[in-house]
Amino acid sequence: FELSLDGFCALIIGAMGAGKTLGALRTINEALTACRDAVVWDLDPIKGGLSEFGDLMARRARTPEECEEALEEALSYVTARGQLLPTLKMGDRWHATEKHPNLYINIDEFIQLGPRGKELAIKILRTGRQYGIYLLMAGQEATADALGDAIAMIVAYRILMACRFEDIKIAFGPGAGAQGWRADRMKPAVGPVANDAGQAMIMGGLFNRAIRYQFNSYTRDQITGAVPDRIKAGANRMDSDTVLKAGATLTTAGQRGNLAERLDAVAHTDAPLIAALLRAFHAKSREFLPTSEVLLPALADAGVDGVDATALANRLRKHAPGVKADRTDCPEGKYLRGWKRSEVERAAAGLLDPAQTRQDPGMQAA
């Protein structure tokens with residue numbers, strides 16, 4: 001069978017041995033991590049998650065507290081993309097591209113999240129779909145206190161593997177069992193006996209028939225064997241527009257390179273200046289560079305003339321009010337005045353999106 005992964009969010013329920021992690025999640029993520037327009041996170045509050053995918057997962061969390069931090073960040077991306085939609089001229093919903101990918105968040109054993117984590121997950125379920133942020137939640141039971149009837153019904157796809165009859169009522173709705181949706185009749189694997197592991201009933205989208213489907217069976221070796229080539233091709237990370245709008249700092253070369261490239265296409269007198277500064281930070285691989293010793297010579301080399309320390313500060317503050325130079329020791333000398341990369345990135349974001357003034361976007365890492 002085929003699933004459309006654009007707009008895909010899912011609730012996957014199955015007893016131990018039903019194949020929800022090694023069958024459903026592994027198959028779905030084998031496809032997602034092959035897409036250039038998808039970023040994937042791996043959250044599991046009690047187990048090892050989808051560790052076989054390695055660094056193809058842009059973020060991993062292995063405790064309830066780490067999962068909450070990740071979901072807080074994802075929720076800030078929902079807000080950021082709500083503000084970006086008109087700027088990027090996408091219309092009413094997020095359209096995934098290589099430069100502006102969808103975000104897919106796996107939460108295995110979601111029932112083990114703390115109250116705050118469950119609250120955040122529900123908020124993302126309610127608001128994230130329009131902005132390309134989707135949850136894939138897996139658990140052994142669809143308990144009412146963890147999810148509830150109303151929440152289950154807003155998930156685009158409900159996937160039941162071998163499970164309890166009570167799970168059918170919560171995930172598929174009252175009366176579904178009488179209509180043939182009897183996932184409880186499937187048997188999970190027991191030891192080496194596969195039984196119905198990997199089989200599922202799916203409701204949502206075009207799936208409206210009470211029949212069984214079979215997920216592919218990928219071994220751990222098959223997954224780990226594909227990881228190096230996909231890493232070499234380029235592991236996907238969140239786009240710089242979303243990260244900066246959310247008030248986080250960029251952390252990868254891909255994000256920073258994308259930001260400088262976008263400035264090259266902007267018809268503004270300050271765009272070449274800020275792009276040259278960003279490339280100076282990239283060339284030095286440092287988070288702080290002194291003004292007179294490094295940044296001003298870099299501007300001169302890039303053909304940006306007539307800029308001194310005062311003019312530089314004024315032109316950066318024009319796009320990010322509140323940014324300021326700093327002093328610290330560095331290889332060029334003691335206690336030199338200069339700029340942090342994050343401050344220059346704030347100015348870049350302000351130039352690209354002048355609709356919102358960034359007074360204090362925070363410094364948490366993306």
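This is a predicted model: local features need pLDDT of at least 70, side-chain atom pairs count only at pLDDT 80 or more; totals for chains, interfaces and linings use all residues.
Colleague: What is the strand order of the open sheet of eight strands?
Modeller: The pairing in this open sheet is mixed. Strand 3 (59-61) and strand 8 (213-214) are its edge strands, each pairing on one side only. Read across, the eight strands run in the order 3-2-4-5-1-6-7-8.

Colleague: Which residue in strand 7 is the bridge partner of Arg-158?
Modeller: Strand 6 (residues 157-160) and strand 7 (residues 199-203) run antiparallel. Three bridges join them. In one of the pairings, Arg-158 has as its partner in strand 7 Met-203.

Colleague: Strand 11 also pairs with strand 10; how many bridges are there, and in which sense do they run?
Modeller: Strand 10 covers residues 326-330. A hairpin through two residues leads from strand 10 to strand 11. Thr-328 has Leu-336 of strand 11 as its bridge partner. The pairing is antiparallel, over four bridges.

Colleague: Which residue of strand 11 is the bridge partner of Pro-290?
Modeller: Strand 9 (residues 288-290) is joined to strand 11 (residues 333-340) by three bridges. The two strands run antiparallel. The partner of Pro-290 in strand 11 is Gly-338.

Colleague: Which residues lie nearest the centre of the largest pocket?
Modeller: This pocket holds about 450 Å³ of space. Its lining divides into eight nonpolar, eleven polar and eight charged residues. Helix 1 (residues 20-32) gives the largest share of that lining, five residues. Of the 27 lining residues, those nearest the centre are Gly-19, Lys-20, Thr-21, Leu-22 and Gly-23.

Colleague: Where in helix 2 is the kink?
Modeller: Helix 2 (residues 64-88) has 25 residues, so at 1.5 Å a residue it should span 36 Å. Its end C-alpha atoms are 34 Å apart, which agrees. Its buried residues include Leu-71, Tyr-77, Arg-81 and Leu-85. The kink is about 30 degrees, shortly before the proline Pro-86, and lies at Gly-82.

Colleague: At which residue does helix 6 bend?
Modeller: Helix 6 (residues 220-234) reaches 21 Å from its first C-alpha to its last, close to the 21 Å expected for 15 residues. Its buried residues are Ile-223, Val-227 and Arg-230. The bend is about 30 degrees, and Pro-228 follows within four residues. The bend lies at Val-227.

Colleague: Is Ala-347 buried or exposed?
Modeller: Ala-347 sits in helix 12 (residues 341-352). Its C-alpha lies 56 Å from that of Asp-184, 163 residues apart along the chain. The relative accessible area of Ala-347 is 0%, and buried means under 20%, so Ala-347 is buried.

Colleague: Why does Asn-195 count as partly exposed?
Modeller: Asn-195 is in the loop between helix 5 (165-172) and strand 7. Its phi is near 50 degrees, a positive value in a residue other than glycine. Partly exposed lies between the buried limit, under 20%, and the exposed limit, over 50%. Asn-195 counts as partly exposed because its relative accessibility is 40%.

Colleague: What is the relative accessible area of Ser-285?
Modeller: Ser-285 is in the loop between helix 9 (271-284) and strand 9. Its phi is positive too, near 55 degrees, in a residue other than glycine. Exposed means over 50%. Ser-285 is exposed, with a relative accessible area of 62%.

Notes
Residues are numbered from 1 along each chain as its sequence is written. Side-chain values use heavy atoms; hydrogens and water are left out. Two strands pair if DSSP finds at least two bridges between them. On a 1 Å grid over the protein atoms alone, a cavity is a set of points where a 1.4 Å probe fits but cannot get out, and a pocket is an open set with protein on both sides within 12 Å along at least five of seven lines; lining residues have an atom within 4 Å of a point. Grid points are joined across faces, edges and corners, and a volume is the space filled by probe spheres set on the points. Ala, Val, Leu, Ile, Met, Phe, Trp, Tyr, Cys and Pro count as nonpolar, Asp, Glu, Lys and Arg as charged, and the others, Gly among them, as polar. The expected span of a helix is 1.5 Å times one less than its number of residues. The bend at a residue is the angle between axes fitted to the seven residues ending there and the seven starting there. Buried means under 20% relative accessible area, exposed over 50%, partly exposed in between (1.4 Å probe, protein chains only).
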